[in-house]
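User: Hi, I have a structure open and I would like to go through it piece by piece. Could you help me read it?

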Amino acid sequence: MVTPAARREAVAHLGQGYGVSQRRACRAIGADRASVRYRSKRPDDGAVRARLRELAASRRRFGYRRLHILLRREGVRLNHKKLRRLYAEERLQVRRRGGRKRALGTRAPMVIPQGPNQRWSMDFVSDALADGRRFRILAVVDDFTRECLCLVADTSLSGLRVARELDAVILSRGRPATCVSDNGTELTSMAILRWSQETGIDWHYIAPGKPTQNAFVESFNGRLRDELLNETLFVSLAHARAALEDWKHDYNTVRPHSGLRNLPPAVYAKLSAPAMQRDGTLCSLGGFDQFALRPDRPVAPLSQTRSNDERILLING
């Protein structure tokens, strides 16, 4: 407890929990009363932060020094040390390039999605047939509704194949604002880079070795493996594809999801539609728990917390 903020919290805890005065609490922990009473007069710098994010998005390889020069040209007078602090707080550090050209994704922190098609997460799952042949499954999940958008099984899934499958999902569902994935070779390939540029869809890569940043699809993968892959012996690739399609339909329309007040994802997607929210038809879908469908209760808690600020997405599966 050495920082002023920690001392302020300790003094507040003593005052609320034990009913002691501020003077006595400061004396007990050895804190200075002037430091405890201090209130920051620092401006929020919201306009500078917004412009800094815009410049970093358009000038992806510029560090804080060059961004400082661009801001000065626009008439923004700012100390370089303060700009560096704002630059670090916004997590705009330039990523170090690898050995080959690959898709780099966005530099902005992720935010919790507030509607369908705002963010899709994807990952691969591996399994084996009865004869020992390995195959892979591409899983794509809508992070807001938790719907499984596709389960594609094949012995080989290249970046070009992933782009084709995403195009097929977009034809039936619409475009996402952002796609999230890990740094696998298929998802950082030139095919994905070209697809992202042609469609104008942002692609966000999680930090290497941090699967919790892609927690929605990781949780989905756990359910898929536990409820289907570990319970079924696939005799052929066609058998696996048929079983995956049946399980996907059951997951979206029947299986209760604890993170959605035990509603199936497809039902929650209908309830979250703006038209149904406006005309008060939240209770119009029969066959489900009416407590969860009451219009005066939120179906799921919404949050604006930035997921990458703590580098963890906390969910219920």
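User: Which helix gives the largest share of the positive patch?

Analyst: Please keep in mind that this is a predicted model. The largest share of the positive patch comes from helix 2, residues 22–29, which supplies three residues.

User: Ok, zooming out, how many helices and strands does the protein chain have?

Analyst: The protein chain has 13 helices and five strands. Of its 317 residues, buried ones make up 42%, and the accessible surface comes to about 17,800 Å², with 51% of that belonging to carbon and sulfur atoms.

User: What about contacts between residues at least 6 apart in sequence, what percentage join residues at least 24 apart?

Analyst: Among the contacts in the protein chain between residues at least 6 apart in sequence, 60% join residues that are at least 24 apart.

User: Can we look at one residue then? Where is leucine 166, and what does it touch?

Analyst: Leucine 166 has its place in helix 7, residues 159–173, and it is buried, with a relative accessible area of 0%. If residues up to four places away in sequence are not counted, leucine 166 touches Trp120, Met122, Val140, Trp195 and Trp203. For valine 140, which is 26 residues apart from leucine 166 along the chain, the C-alpha atoms of the two are separated by 8.7 Å.

User: Asparagine 214 next: is that one buried or exposed?

Analyst: Asparagine 214 counts as buried, because its relative accessibility is 2% and buried means under 20%. Asparagine 214 is found in the loop between strand 5 (202–205) and helix 9 (215–229). Leaving aside neighbours within four places in sequence, asparagine 214 is in contact with Ser121, Met122, Val180, Ser181, Asp182 and Ile206.

User: Changing topic, how many salt bridges are there?

Analyst: The count comes to 17 salt bridges. As background, side chains of opposite charge can pair when their charged atoms come close.

User: Which residue does arginine 119 form a salt bridge with?

Analyst: Arginine 119 forms a salt bridge with aspartate 143, and the closest N and O atoms are 2.7 Å apart. Arginine 119 lies in strand 1 (residues 119–128), while aspartate 143 lies in the loop between strand 2 (134–142) and strand 3 (148–154), so this pair ties together parts that are 24 residues apart in sequence. Both arginine 119 and aspartate 143 are buried.

User: What about arginine 161 and aspartate 154, are they buried or exposed?

Analyst: Both arginine 161 and aspartate 154 are buried, and their side chains meet in a salt bridge with an N to O distance of 2.8 Å.

User: And glutamate 245 with lysine 248, how many residues apart are they?

Analyst: Glutamate 245 and lysine 248 are three residues apart in helix 10 (residues 237–253), and therefore they are separated by about one helical turn. Their side chains meet in a salt bridge at 3.8 Å, N to O. Glutamate 245 counts as partly exposed at 44% relative accessibility, whereas lysine 248 is buried, with a relative accessible area of 15%.

User: Which residues do salt bridges that share partners join into one network?

Analyst: Salt bridges that share partners join Arg49, Arg53, Arg85, Glu89 and Glu90 into one network.

User: Last topic, backbone angles: what is phi of arginine 261?

Analyst: Phi of arginine 261 is near 55°, which is a positive value in a residue other than glycine. In general, most residues other than glycine have a negative phi. Arginine 261 lies in the loop between helix 10 and helix 11 (265–271), and it is partly exposed, with a relative accessible area of 29%.

User: And what is phi of asparagine 262?

Analyst: Phi of asparagine 262 is near 65°, again a positive value in a residue other than glycine. Asparagine 262 is found in the loop between helix 10 and helix 11, and it counts as exposed because its relative accessibility is 51% and exposed means over 50%.

Conventions. Residues numbered from 1 in each chain as written. Predicted model: local features only at pLDDT ≥ 70, side-chain atom pairs only at ≥ 80, totals over all residues. Heavy atoms only, no water. Helix = DSSP H or I, 4+ residues; strand = E, 2+ residues; numbered from the N terminus. Buried < 20%, exposed > 50% of the residue type's maximum accessible area, 1.4 Å probe, protein only. Contact = heavy atoms within 4.5 Å. Areas by Shrake-Rupley, 256 points an atom, 1.4 Å probe, with all protein chains shown as cover. Salt bridge = Lys/Arg side-chain N within 4 Å of Asp/Glu carboxyl O.
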